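Student: Can we go through this one together? I'd like to start with the charged pairs and then move on to the packing.
Tutor: Gladly; here it is.

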Amino acid sequence: MSSIIRLCDLAPNSKAVIHSFAAENASVKRVKDLGIAQGEEIVCLFRSPFSDPTAYRVNGVTVALRKSDCEKILVKAYE
Amino acid sequence: MSRYTIALAGNPNVGKSTVFNALTGLKQHTGNWTGKTVERCEGSFKYMQNEFTVTDLPGAYSLSAFSEEETITRDCLLNNNYDCVVLVLDSGALRRNLRFAVQVLSMYERAVICLNLCDEARRSGISVDDKLLSAMLGAPVVKCSAVKKQGLRELKAACMDVCTGNITCQKTALIREYDPISDDNTVADKIFTTCVSQSGINKVRRRTEKLDKLLTSKATGIPIMLLLCAALFWLTAVGANYPSEWLSSLFEAIKTYLSRFCGFIKLPHFISGILIDGVYTTLSWVVSVMLPPMAIFFPLFSLIEDAGYLPRIAFNLDRFFAKSGAHGKQSLCMMMGIGCNACGVTGCRIIETKRERLIAVLTNNFMPCNGRLPILIAILMMYFAGVSSGIIASVKVTLLLVFIIVMCVLLTLLASKLLSMTIVKGAPSGFVLELPPYRKPQIIKTVCRSFLDRTLFVLGRAAIVATPAGAVIWLCANVYIGNTSVLEHCTDFLDPFGKFIGLDGVIVMAFILGFPANETVIPIIMMSYMASGTMCDYSGYEQLYALFTANGWTVTTAVCMIIMTVLHFPCSTTCLTIKKETGSIKHTVLAMAIPTISGIIICAVVSHIIAVFI
C-alpha cells in the first residue's frame, strides 16, 4: 500500500498526500500558510541544479521548498 | 458627491498592484513575483461623481501575521473601517486564494471579489461559476483582467454598489461556519470544488513546465542563466558608452555657453566657480555617467522580471545562500546592485522575511555598482592589461573583471554568513519561494514604467546629493589657508594613513569626497595631482597612466585601489535608501562600517604582503 515518508525523500514526478508535521515552529507555520496542509495532495516536480531546494505543486501553485523544511513534513506516498 | 475608502487585499502575486494601477492610474511598480508591495500605497479614482480612496495592501497568505506584510495587512483590516474591501484573487490558483478570501470575509462582510487573471485561467481550461461563487461568499464577484483593462468598469460599479449600500453584503451561513481559531480549510475547499472546474489540458501550466525543464535543469539551467546575465551586463556596459559620450559632449557645450553668460553678466569668479565648475560639472558628470547604463539595464531587467524568470534564478542559486543563512532571492538584489546599489537595496523588499532581508540590505554594497565599475575598468586597463588597446587587452580586462565580480559574490556570501552568526542571529526563517507561471511581458509598458520608476527615481536622488557635493568639492580645491588649498591640507593630513593601506592621501580624500557619487573619484584624484581648481575628464588611459605613475602609483597602489573601490562605504544615495528601508540609523551605520573596515584591513594586509616580496 503506501508508506509514510518525509517530503524531502519524495522523488521527482511522484505524488503524495500530506500526512502530518513533525514540528510546529515558525517555518512550518509559513509552509502551512501557503496551503500546504494536512490531506493536501502534493507533487514533487523537480530539484534545483544544486539539488536543493525542490519545486512542488500543491494547491494548483508551484512552490519551492528547502530540504531543511521538507524534513519536517511527513507525507503518505502513492505506490 | 460622497467619499468612500476601499482596500485591495489578496495573496501575493495575484496582480493587486496591476488592479490598483488600472483603477487609479497611478504607477506602482509591478512585476511577476511575490512581495512587490511592502508599504501601503494609496491612490484614488472617481466614478459616477463619487470619490474612492484606494489602499493597496501588501500581499498576504493568511491573516495570522507571519511576515511584516501580513502584519500590515491584518492591522489595516482590523483598524480601518473601509467602506469596501476588494479581494483580488488569481483565477488560476483559486484553491489557495479562496482560503484567504474566506478568512477576510469572516471578519469583513463589505467586500467585492475580483477574479483577476481570468483570461490566463480561461486558457488553462479553468472555468469559474461566478454567480454560484457570489452566492456562497455573500459578496459580488467580478471577473477581470487588469492587464488588459477588462472588467474594470464592472469592478468600479460593484465597489460603488457595496459602498453606497445598493448591495448589502452578508455573511452567508457557509462563511459563518468558518472558525478563525482552528483555521480550518474545509469551508474554502467546499466552495472551490463547487464553483471551479478544470477541463482539458492546462496549456499555461504545460508551457511553464516545459520552460522550467529548460531553465532550471542541471545541464541547461546554469549555462542559460550565466549567458543571460553576461548578455545583460555586456549590453549595459557597451551600449551605455555611446549615449554617455553624447551626453557629456552636450553638457560640455552647454558649459561653454554658461561660462560665457557668467562672464557677460560679470558674475564674481568665486560664485561662477561654485556654480559652474562645482555644481554644474559634478551634476552633469553624474547624469552622463549614470543615466545611460541605468536606462539600458533597468528596462531589460524589468522585462526578465515581468516574464517570471527571476524567481527561477533564486531557485537555481538558493543552495549557496541557504548555506550563508540568507535567502536565494538575495541573488536578484545583488544583480540589481550591479546596476545601482540604491536600487539593489530597495529591491531587497522582495525578500519576505525580516532577517534575510536585513542581511541582503547590509551586504548589497559588496557588489560594485555602475558608478564603480568604470574605476575598476580604468585601473585594470592601465596596470594589468598593458594600456595597449585592442582585442587582447579587452579580453584580459573582461576576464579580470569577471574575477573581481566572482570575488565580490564570494565576499557577499562570506559577509552574509558572518552576519547571520553575529548581528542578525536567529534561526533561518521558513523558506518558501513561489514559482509563478511564465507570462509574456508587455514590452513597451514595462520599458516605460521601469525607466520612469527606477531610472529617473535614482537619478533624481543622485542629483539631490550631487549638487551640494559639487559645491563642497570646488570649495575644498579653491579656498586657501595660507598658501595651500583646503583640499591639499586634507590630503597631506590623510597621507600617512593612505600610505599605510597602500594608497595615498589624495586617493583617500577622493573616496571621502566621492561619497555623493563614486563617479567623481577619479576626476578628484586627477584634480588633486594636477593641483588645478577644476575637475576634468581624462581623454585617454595613457595620459592618466602617466599622471598616476608620476605621482608614485605602483602595482600595489592599483591592487589596493581596486580593493578600496569595492570595499568602502556606500554612496550617499544608497545610505539614504538603507536608512529609509531599514528605518534604523544603527543599520545604516553598520552598512557603512562593514565594508569600510574590511576594506582598510584587507588593503593594509595586502600592501604589506606585497612589500615583503618586492
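Tutor: Before the pairs, the term: a salt bridge here is a side-chain nitrogen of Lys or Arg within 4 Å of a carboxyl oxygen of Asp or Glu. Please keep in mind as well that this is a predicted model.

Student: Okay, which residue does E40(A) form a salt bridge with?
Tutor: The partner of E40(A) is R99(B), and the closest N and O atoms of the pair are 2.7 Å apart.

Student: What does R66(A) pair with?
Tutor: R66(A) forms a salt bridge with D318(B), with 2.7 Å between the closest N and O atoms. This pair crosses between chains, running from the loop between β5 (61–65) and α2 (67–70) of chain A, where R66(A) sits, to helix α12 (residues 310–323) of chain B, which holds D318(B).

Student: How much area do chain A and chain B bury between them?
Tutor: About 3000 Å² is buried between the two chains, and 58% of it is on carbon and sulfur atoms. R30(A), P49(A) and R66(A) supply 27% of the area that chain A buries against chain B, which is more than any other three residues. Counted by contacts, 31 residues of chain A touch 37 residues of chain B.

Student: At what angle do α3(B) and α8(B) pack?
Tutor: Helix α3 (residues 94–105) and helix α8 (residues 186–195), both of chain B, pack at about 130° with their axes 8 Å apart, and they are therefore oblique to each other. Their crossing is right-handed.

Student: New topic: how do α20(B) and α21(B) pack?
Tutor: Helix α20 (residues 505–513) of chain B packs on helix α21 (residues 521–529) of chain B at an angle of about 135°, with 9 Å between their axes, which makes α20(B) oblique to α21(B). The crossing of α20(B) and α21(B) is right-handed.

Student: And what classes of residue make up the contact of α20(B) with α21(B)?
Tutor: That contact has nine nonpolar residues, one polar and no charged; among the residues that meet there are F511(B) in α20(B) and Y529(B) in α21(B).

Key: Residues numbered from 1 in each chain as written. Chains lettered and ligands numbered in written order. Predicted model: local features only at pLDDT ≥ 70, side-chain atom pairs only at ≥ 80, totals over all residues. Heavy atoms only, no water. Axes fitted to C-alpha atoms, helices over the stretch in contact; angles between N-to-C directions. Helix = DSSP H or I, 4+ residues; strand = E, 2+ residues; numbered from the N terminus. Parallel < 35°, antiparallel > 145°, perpendicular 65-115°, else oblique. Left-handed = near helix turned anticlockwise from the far one by under 90°. Contact = heavy atoms within 4.5 Å. Buried area = accessible area lost by both parts, 1.4 Å probe. Nonpolar A, V, L, I, M, F, W, Y, C, P; charged D, E, K, R; others polar.
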